[in-house]
Amino acid sequence: MAPDLDLVGLLERRRVVVVAGAGGVGKTTVSAALALGLASRGARVAVVTIDPARRLASALGIEHLGDVPHRVDPARITQAGMPMAGTLDALQLDPRATFDRLVAREAPDEAARQKILRNRVYRHLSTAVAGAQEFMAVERLYELVDSDDYDVVVLDTPPARNALDFLDAPERMTRFVEGRGLRLLLGPRSGAGRTGWRALQAGGHMVMSVVERLTGAQLLTDLSEFLQSFDGMYQGFSDRASAVRNLLASDSTRFVVVTGPRPEPAGEAIALWRRLRDDRYSLGAVVVNRVHAEPAGGGAPPDGLAHLLAAAGAADPEGLAQRAADALSAARARAAADRHEMAALAQALGNPPTAVVPALDDDPVEVTGLARVTRELEGR
Amino acid sequence: MEQPPLIGRRLAFVLGKGGVGKTTVAAALALGMADQGQRTLLVEVAAEQRTGALFGVPPALDDPVQVRPGLFALSVDAERATQEYLTIQLKVRPLVEMMSRSRAFHQVTQAAPGLAELVTLGKIWDLATTVRDGTPVWDRLVVDAPATGHGIALLEAAGNARELAGSGPIHDQAGAIEKVIRHPQATGVVVVAAPEDLAVTEAVEAIAALRAKDLPLTCAIINRVRRSPFGAADREALVAAAGSAAAGSPERAAADAALAVANGADHDAREVEGLAQAGGLPVAVLPEVPDLSPGSGGLEVLSAALMDDPAIGGADGA
């Protein structure tokens with residue numbers, strides 16, 4: 001473990017930084033702090049956050065953070081004691097807006113576009129289909145990289161039941177839009193599958209009639225119309241999915257795995273790191289966030305505190321000194337537990353590059369706090 | 001109409017951002033209800049199956065597992081719930097098997113927006129409304145819902161499905177489920193936060209979303225709130241002692257650790273206040289509990305604190 005790892009330096013000259021990890025470990029803060037550090041060193045940076053809560057907005061002090069990149073006022077950053085040689089834009093993923101743009105780009109004409117946008121299955125798609133949000137996140141990432149407006153794009157990944165979900169999202173979404181089995185079975189309804197296997201279709205009609213009995217005919221009509229609308233767009237989807245996959249797998253991308261010094265997020269971080277390594281993604285570093293530092297005093301008891309407190313005019317110096325000693329023991333125990341957890345993590349992952357961010361008294365909601373996290377990530 | 005406290009409602013949904021301790025709070029809530037003599041089922045929806053560890057039993061899948069007197073736990077999974085639903089609806093086993101094997105069926109369930117959530121919610125509704133020999137099988141259900149966004153999607157699933165289906169059995173059943181979910185005498189929704197700015201911000205947004213969707217929001221719960229045994233005079237003396245102690249000495253470290261405890265408690269109190277003000281609703285406060293392992297008594301501390309809260313345990317605190 002290298003405590004003075006300069007993670008920002010490690011990520012310089014990459015085009016994409018994906019920040020992943022369990023929920024509640026401070027992914028968004030780490031994403032924003034890394035973006036800030038890269039921008040400070042001269043890169044044109046965009047940071048994409050996904051969570052519906054406007055976390056990054058509060059961290060960066062931007063009131064209306066939308067789907068469109070918003071420039072963070074450089075004065076805010078220099079006031080926080082950071083040089084600002086580049087630019088920092090922040091945006092919040094709006095899955096609907098991203099998907100609407102995708103449809104606009106891929107639809108053959110205006111009528112087709114309108115038909116899709118009006119479809120009820122489509123209207124619920126971005127929120128309802130498993131992986132849709134993750135798909136939109138990587139799609140937006142690709143748009144930003146493709147625009148050439150940025151040297152590097154930092155992606156804060158969606159809070160998922162499984163932090164790995166977004167890796168499979170493009171393919172899952174493509175398969176869904178393709179809807180091969182479904183098209184065949186919807187058969188006459190969609191005009192597709194005319195040459196389908198007879199036996200399968202017979203069974204399929206039965207399946208469909210059962211589904212129809214349960215859901216009502218309207219849903220199947222909408223679904224069939226939805227798939228029809230996507231006819232001719234499938235290739236575009238499929239090409240985009242492979243482009244995204246190639247981008248994520250390329251050497252221009254680095255994955256950063258964030259965790260806290262607790263067993264649950266560390267377990268997720270270990271699973272995530274191994275999966276990324278096995279699938280040959282380029283690993284940047286592990287960030288252990290909110291680590292409790294070892295208190296001073298070398299573990300010795302604070303025997304002289306009561307004297308000092310008496311001199312300071314405390315009413316019950318002995319009692320107060322005892323309570324303070326208890327607070328110190330608790331702080332030492334916490335630090336020891338964190339060290340233990342970090343050692344286990346390092347061992348499980350074979351000592352990967354690791355950046356440590358100490359637990360701060362206050363959550364970084366202002367640029368000053370964020371700059372402090374950036375400096376920690378730079379190993380300063 | 002006077003709204004009952006959470007314990008007076010048959011169905012309680014526990015929502016919250018990942019990492020705030022939602023599963024722990026749901027377990028403590030269910031434990032408190034069971035301790036008050038209600039036959040309670042704790043339902044875990046996210047497939048993480050962490051409830052078992054809190055009670056020191058293996059995770060429950062197909063049948064409720066008793067974890068404490070009067071308290072049972074069950075993990076609900078969309079796929080199994082879909083199978084079960086089909087079995088009830090179709091009544092013909094080979095047909096059910098054919099459906100479950102059908103790739104197209106899986107695509108429809110994936111494509112029909114929110115169907116997985118609807119089936120999950122339907123299963124919860126079914127558990128909450130099942131009556132045997134004239135008595136409800138469960139007096140109380142506490143649902144450990146998926147993290148905020150997905151949790152709200154779960155609560156909305158019935159309303160969405162009713163609209164989307166237009167007609168047919170799903171439309172009718174979704175309507176019946178929606179009625180229970182929206183009824184403030186039957187259902188209560190609590191939002192769990194931790195005393196951190198970002199978690200509080202997200203809780204405030206979840207509260208606004210629940211209000212906008214007219215779901216029966218009951219209260220917020222803020223978890224892991226630190227307390228301090230150091231008063232204002234103590235702090236003054238500690239600051240002075242820290243100033244006179246040698247740098248790097250254990251005395252200096254102890255004074256600093258004590259001041260950090262006091263500052264941490266101040267910080268958390270501000271977060272609680274911020275949530276109560278921005279959320280505009282009662283906030284139940286749970287202390288930070290160092291050990292939640294089975295037998296440590298940690299869960300019992302949380303459950304007692306919850307039941308003492310008027311919005312949860314009732315006006316008389318019981």
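Visitor: Which residues of helix α17 in chain A are buried?

Guide: In α17(A), the buried residues are A:Val367, A:Leu370, A:Ala371, A:Arg372, A:Val373, A:Thr374, A:Glu376 and A:Leu377. A residue is buried if 20 or more other C-beta atoms, placed from the backbone, lie within 10 Å of its own, exposed if 12 or fewer do, and partly exposed in between.

Visitor: What kind of model is this, and how are its parts labelled?

Guide: This is a predicted model, in which local features need pLDDT of at least 70 and side-chain atom pairs count only at pLDDT 80 or more, while totals for chains, interfaces and linings use all residues. Residues are numbered from 1 along each chain as its sequence is written, chains are lettered from A and ligands numbered from 1 in the order in which they are written.

Visitor: How confident is the predictor in chain B?

Guide: The mean pLDDT, a confidence per residue from 0 to 100, is 87 for chain B, and 92% of its residues reach 70 or more. For the complex the predictor gives an ipTM of 0.80 and a pTM of 0.82.

Visitor: What makes α2(A) perpendicular or parallel to α17(A)?

Guide: The axes of α2(A), residues 27-40, and α17(A) come within 8 Å and cross at roughly 75°. That makes α2(A) roughly perpendicular to α17(A), because 65 to 115 degrees counts as roughly perpendicular, under 35 as roughly parallel, over 145 as roughly antiparallel and the rest as oblique. Axes are lines fitted to C-alpha atoms, for helices over the stretch in contact, with angles from 0 to 180 degrees between N-to-C directions.

Visitor: Which residues of the two helices meet?

Guide: From α2(A), A:Thr29, A:Ala32, A:Ala33, A:Leu34, A:Leu36 and A:Gly37 meet A:Leu370, A:Ala371, A:Val373, A:Thr374 and A:Leu377 of α17(A). A contact needs C-beta atoms, placed from the backbone, within 7 Å of each other. The residues of this contact divide into 8 nonpolar, 3 polar and no charged. Nonpolar means Ala, Val, Leu, Ile, Met, Phe, Trp, Tyr, Cys or Pro, charged means Asp, Glu, Lys or Arg, and the others, Gly among them, are polar.

Visitor: How do you know whether A:Glu143 is buried, exposed or partly exposed?

Guide: A:Glu143, in helix α8 (residues 132-146) of chain A, has 17 C-beta neighbours inside 10 Å, so A:Glu143 counts as partly exposed.

Visitor: What makes A:Arg280 exposed?

Guide: A:Arg280 has 8 other C-beta atoms within 10 Å, so A:Arg280 is exposed. A:Arg280 sits in the loop between α14 (263-278) and β7 (283-291) of chain A, and has a positive phi of about 65° although it is not a glycine. Most residues other than glycine have a negative phi.

Visitor: Where is B:Asp214, and why is it called exposed?

Guide: B:Asp214 is in the loop between α9 (197-212) and β9 (217-225) of chain B. With 10 C-beta neighbours inside 10 Å, B:Asp214 is exposed. B:Asp214 too is not a glycine, and its phi is positive, about 60°.

Visitor: Why are β3 and β10 of chain B said to stand at the edges?

Guide: Chain B has an open sheet of 8 strands in the order β3-β4-β2-β7-β1-β8-β9-β10, with mixed pairing. β3 (65-68) and β10 (283-287) of chain B each have a single partner strand, so one side of each lacks a neighbour in the sheet. From one strand to the next the twist averages 25°.

How values were computed
Pairing = 2+ DSSP bridges. Helix = DSSP H or I, 4+ residues; strand = E, 2+ residues; numbered from the N terminus.
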